[in-house]
Amino acid sequence: MAAKSIKILSNFRRFCAIRSVFFSYKRACSSYGQTTVDDEEVFKFSELCSEFWDINGPFQALHTMNRLRVPLIRDALLRDTEGKIGTKPLKDKNILDIGCGGGILCEPLARLGANVMGIDASAEAISVAQHHAKHDPEVWERVNYRCMTAEDLVNQSDGFDAVVASEVIEHINDPEFFVETCAQLAKPGGSLILTTINRTPQSYLLAILGAEYVLNIVERGTHDWNKFVPDDQLASLVIYNGFTIHMIQGLCYNPFTRQWSKLGDTSVNYALVAQKEFV
Amino acid sequence: MVGSTLACALGGDEALQDKKVLVLEAGPQVKLDKLPELYSNRVSTVSSGSQKLLESVGAWKHIENMRAKPFRRMQVWDACGDGYLTFEASNDPLQHAVNMGYIVENNVLVTALEMELEKLRSNVDVLYKTKLKKFKIPPPTTSDVDSPWAEIVLEDGQKFSTRLLVGADGFNSQVRRNSDINCISHDYKQSGVVATLCFSEPTDNIVAWQRFLPTGPIAILPLSDSQSSLVWSTTTSHAKNLVSLPEEKFVEAVNDALTEDIARNSLSEMASRLMHNVLSTVQPDYLGLQIPPTIESIEENSRASFPLALNHSSYYVKPRMALIGDAAHRIHPLAGQGVNLGFGDVECLRDELRQAAIDGQDLGSLEHLLRYETARQKQVTVMMGATHGLNTLFSTSFLPFVMVRNLGFQMTNALTPVKKQIVEYAMK
């Protein structure tokens, strides 16, 4: 079982991945991992907070990605709801965000009325998320951040209306087990929303060669192209675990306008939306 | 005006129903209980785009119930030559009744907006006779500070925290000045003289007239069948003189400004005539220059003057802060587009904030505010460049410029597709 343990990388690694794809980050980010308790700790923590929540900072691409992925999640949950959306459309929906980082995706979902549980393997990221949410009453009463892995949660939860893993799978050693865990965490009829990077020559060019070798934006070796999951493989995994696929959508980031857009082509970034069958 | 429109637009928006809006108003509540018989000398040209916005916030029906005068045609011509342009909302003779816009008195506009604001009391509060004492906008990265909100203190000591502070406080905006936002200014060394004009006999009065004099443009905007509003931009000293003239003399000056030919030159006239012949061969239905009705008198005490300047704020937004209307940009009144740019800001900001709410974003986050800024700066700088350029081009009687602009006018007037573009832009 130990061999099957899901290793969700701490979330700064996750963001490194994003950065390297989009050439937008110039700073080596490996220093976050070294956490010795000393005087610099407080400074480092606030610096990390700032980095997570500066919309022009290193996580810029994830902030702007919200404009696509929040509607994706919202619409997946409201699939059966007709007509008006109102101001708190996700009221009473329980959402799990695996690899939530500093809460960039959890906060907007909470503002839409959902009860959001954000989990991450990085204790620092969880502290950042908690610290940031505290200021916003609209968010604070609806989020619950925990430093843990998805597999730890399986026996503790009654199931979620939606399980979200955005920009996570590309760092996981065992995607089969990861999707199986997601399936256990979703309620019957619940949604699964995944966004990740495809394993194609194009993604190799952009994420590995471009970012790590040509432009030297990110330290070499941050990425493992072999861990990227092809869309068809992910789709069969999801189906195998009892889901019906509703959508596979290509996503495209323009580093010049710094905006995301939808795309028919799924060869680099893509999103998958599925619904767990009731039986 | 622009600020109240935003408050109405946000307060009435379905996606923003759970948000609270607070309006800080320096003056007392302006509300006409009864429409005054006399027209006010402060009027706005409301484009059909702005009219649609006012309709969507519910204020337009009140304006129509009070008074608003539509105009269907616009004639722009040059005192130094024969060049002129006529614009119509539609070139289709069957659709002759399309309005290009409306002339609305400012106090009518404000009253209509107040009426709508009163209906929105559940989520919009208005504090009258209040002044902002100070405010603090958090730095872009907010995790370290005590409060990530914009903190506001009023003169009377009341304090508020808000996700978003909107500065709709005019060209001398306190919000802009205290936010260290750079503002480009240009003094036109001109003043605008306003007055309410009365015709000798009632007419259709559906044309907005504008004539370029070397000292600045003079515009006559319809208010009713027998009255129009004057907006005369001229040199500061001339404006001072105009305001102090006896009323009969002033009327004479206005009539002269609308009819008298200035600095005519035979070479320029010949070129224009030649051009006219060519164009009327190509386009036989070429509509001729029309003469505005003669002014008989002015409404007593309706004269006033105000200095003209151009201002443009280098940024319209910061995290948790946005500028709209004159606080962000002030242009030359020659095209009557100043307030319409402000209404355009309102529409754009409302749309961005609505989208942010639908997507669960923090309303004061820079991300969508930047989208507002980019969209508006594109629009505003074009209009600013156009009005500034026209004012400069026509502020001279130097022959080559006179010839170029007159021929340009004639050509543009004949080029229906180009004219259509200009009309569409001005009606936005």
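This is a predicted model: local features need pLDDT of at least 70, side-chain atom pairs count only at pLDDT 80 or more; totals for chains, interfaces and linings use all residues.

Colleague: Understood. Which residues of helix 9 of chain B meet helix 10 of chain B?

Modeller: From helix 9 of chain B, they are B:Leu341, B:Gly344, B:Asp345, B:Cys348, B:Leu349, B:Glu352, B:Gln355 and B:Ala356. Their partners in helix 10 of chain B include B:His368, B:Tyr372, B:Ala375 and B:Met383. By class, the residues of this contact are 8 nonpolar, 4 polar and 4 charged.

Colleague: And at what angle do helix 9 and helix 10 of chain B pack?

Modeller: The angle is about 160 degrees, and the axes are 9 Å apart. Angles over 145 degrees count as roughly antiparallel, so helix 9 of chain B and helix 10 of chain B are roughly antiparallel to each other. Their crossing is right-handed.

Colleague: What about helix 2 of chain B against helix 9 of chain B: is that crossing left-handed or right-handed?

Modeller: That crossing is left-handed. The axes of helix 2 (residues 48-56) and helix 9 of chain B come within 9 Å and cross at roughly 45 degrees, and the two helices are therefore oblique to each other.

Colleague: Which residues make the contact there?

Modeller: Helix 2 of chain B contributes B:Gly49, B:Ser50 and B:Leu53, while helix 9 of chain B contributes B:Asn340, B:Phe343, B:Val346 and B:Glu347. These divide into 3 nonpolar, 3 polar and 1 charged.

Colleague: Changing topic: how many residues does each chain bring to the contact between chain A and chain B?

Modeller: Chain A brings 21 residues and chain B brings 16 residues. On the side of chain A, helix 3 gives the most, with 6 residues. That side has 9 nonpolar, 9 polar and 3 charged residues.

Colleague: Where does UniProt place the "binding site" feature in chain A?

Modeller: The unreviewed UniProt entry places it at A:Arg69, A:Gly99, A:Asp120 and A:Ser166. A:Asp120 lies in strand 2 (residues 115-120) of chain A, and A:Ser166 in strand 4 (residues 160-166) of chain A.

Colleague: Is A:Ser166 buried or exposed?

Modeller: A:Ser166 is buried, with 24 other C-beta atoms within 10 Å. A:Asp120 also counts as buried, with 28 C-beta neighbours inside 10 Å.

Colleague: And what is A:Ser166 in contact with, beyond its neighbours within four places in sequence?

Modeller: A:Ser166 is in contact with A:Arg69, A:Leu105 and A:Thr195. Of these, A:Arg69 is also listed in the UniProt feature.

Terms used
Residues are numbered from 1 along each chain as its sequence is written. Chains are lettered from A and ligands numbered from 1 in the order in which they are written. Two residues are in contact if their C-beta atoms, placed from the backbone, lie within 7 Å. Helices (H or I, at least four residues) and strands (E, at least two) are DSSP runs, numbered from the N terminus. Ala, Val, Leu, Ile, Met, Phe, Trp, Tyr, Cys and Pro count as nonpolar, Asp, Glu, Lys and Arg as charged, and the others, Gly among them, as polar. Axes are lines fitted to C-alpha atoms, for helices over the stretch in contact, and angles run from 0 to 180 degrees between N-to-C directions. Angles under 35 degrees count as roughly parallel, over 145 as roughly antiparallel, 65 to 115 as roughly perpendicular and the rest as oblique. A crossing is left-handed if the near helix is turned anticlockwise from the far one by less than a right angle, and right-handed if clockwise. UniProt positions are given in the numbering used here, feature names are shortened, and annotations may be inferred rather than shown by experiment. A residue is buried if 20 or more other C-beta atoms lie within 10 Å of its own, exposed if 12 or fewer, and partly exposed in between; C-beta atoms are placed from the backbone.
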